[in-house]
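Hi everyone, thanks for coming. I'd like to walk you through a few local features of one model, so please have a look at it with me.

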Amino acid sequence: MKIKDAEVVVCSPTRNFVTLIIHTDEGIYGLGDATLNGRELAVAEYLKEHCIPALIGRNPFDTEDIWQYFYKGAYWKRGPVTMTAIAAIDVALWDIKAKALSVPLYQLLGGKSRDGVLVYCHANGTGLSHSIEEVHRHIELGYKAIRVQSGIPGIEKTYGVASKGKKYEPATRGLPQESVWSTSKYLNFIPKLFEAVRNKFGFDIHLLHDCHHRLTPVEAARFGKDAEPYRLFWMEDPGSEELQESFRLIRNHTTTPIAVGEIFNSVFDCNKLITEQLIDYLRMTIVHGGGITHLLKTAHLAEIYNVRTGFHGATDLSPVTMAAALHFDMAIHNFGIQEHMPHEPLVDEIFPHAYTYKDGFMYPGEAAGLGVGLNRQLAAKYPYQRAYLPVNRLEDGTVWNW
Ligand code: CS2
Ligand code: MG
C-alpha cells in the first residue's frame, strides 16, 4: 500500500477545526486532527507546504519511520505547531493501518484493558449556587466524575465559565478578549465552593478542578492544602509548567493529586515530572503530543513511575482526536480518566463517529480504524474564521497566564 495524496480541510462549525485526510492507492483513507486553538492556519500550512509533498509514495504502515522522518528528519524538533502536524499525520496513518486490518484501533494498541473509559464532564456556574445546580444536572446525566469551575466574587470573567445561557467555548472570533485576574480572590473563594459541593453531594462523586496555570508554586501548594478536606480527584495545571522542578515545592506540601500537561507537546516537557514522580496524571494528548506513536512511549514511561493519563478533551480537540484518545484509553494499562466536553450537534454531524457515552463512561466503538468520518459537503458550508483564546491580566494590568 502507498500514500497517494493528502489534503487539509479547515472548517468552522461554531469553532475552527483542521483535519488531515491521507489517501492511499488502495482506496483506504485515514483522518488526523491538526487543530491548534487560535493558531489553526499555521499547522494547516505546515502540513500543506512542508509535510504532504514528502508523504507521497510512502508505505502508510511505516508509522515509526514516518514519525521519525518528520521529527528527527526536520532538524527543527518539537514545538506545538510541528508536533500537532506530526500528530495529524501519525493518527491518520494509524487509522489507515487499522482499517486495512479491519480492526478497531484499540486492538493495535494493546487490546481492551477495561470495559469502558471513565470520563469527567464540566459543571460551570456563574457563582456558588449555579455551580451546585450544574453539578446536580451532570449527576443526573450519569457522570461519576465532575470538574467544577465557578465565577469568583469580585472578578468579572473567570476561566471555564460561560456567559449566561451560553455553552462555554474559550476561543472567540475577532481579536483576543482580555480578562482580569486576582489570585487572592480566587484562593479565598474556591475552598468554600468545594465545601458546599461536598456538603450537598457527599464524597461518592469524583470532583476535579482546573487552576488553568495561574498560581505560583507556593500559591498552588496552599490551594492543594486547602482542598485536602474535599478529596479532589485532581487539581489541574496549578501553575506555569515551563519549570518542571517547580512542582517539587507543590508536591512537598500537599496530598491533593496533580494533573498537568494539556499544553505539552513532547516527552521532554514532562520527563522530570514523570521520573521524579512530581505529578499523578499526565494531560498531554494525542493531537498536541505528536500523535499515538509518541504518546505510547510517553504513557509507557509514565506507567513505570505510577503516573496515569488524564487526556485533555476540550471542544477544540475535534471528534477525530476524541476517537483516537478513547481507543488509546481503552488499551493502555495506566489510564486514569478522560475529559469529556461534548461537541455541538453540528460538529458531531460533520464528524460522524462510532464512539458513545453512557452512564459516566465512553466507548470507542467497534468500527474499523478510528471510527470517525468527515462530511466534506457540510464542512464546506462553514469556512474558517479567525479566532483567539483570551489574554489575561492581573488587576494592575500585568500580563498573566490565561
Ligand atoms: C481546558 C481547555 O479543558 C481544559 O482543561 O484547560 O478548555 C483549554 O483552555 C482549551 O482547550 C484551550 O484551547
Ligand atoms: Mg485545562
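Strand β17 covers residues 391-394, and β7 pairs with β17 in the parallel sense over 4 bridges; pairing here takes at least two DSSP bridges between the strands. Strands are DSSP runs of E with at least two residues, helices are runs of H or I with at least four, and both are numbered from the N terminus.

Before going on, a word on the source: this is a predicted model, where local features need pLDDT of at least 70 and side-chain atom pairs count only at pLDDT 80 or more, while totals for chains, interfaces and linings use all residues. Residues are numbered from 1 along each chain, chains are lettered from A and ligands numbered from 1 as written, and side-chain values use heavy atoms, without hydrogens or water.

Back to the sheet: it is open, with 3 strands in the order β7-β17-β18 and mixed pairing. β7 (178-181) and β18 (399-400) each have a single partner strand, so one side of each lacks a neighbour in the sheet.

Now two loop residues. R78 sits between α2 (63-71) and α3, and its phi is positive, near 65°, though R78 is not a glycine. H213, in the loop between β8 (206-210) and α6 (217-227), also has a positive phi, about 65°.
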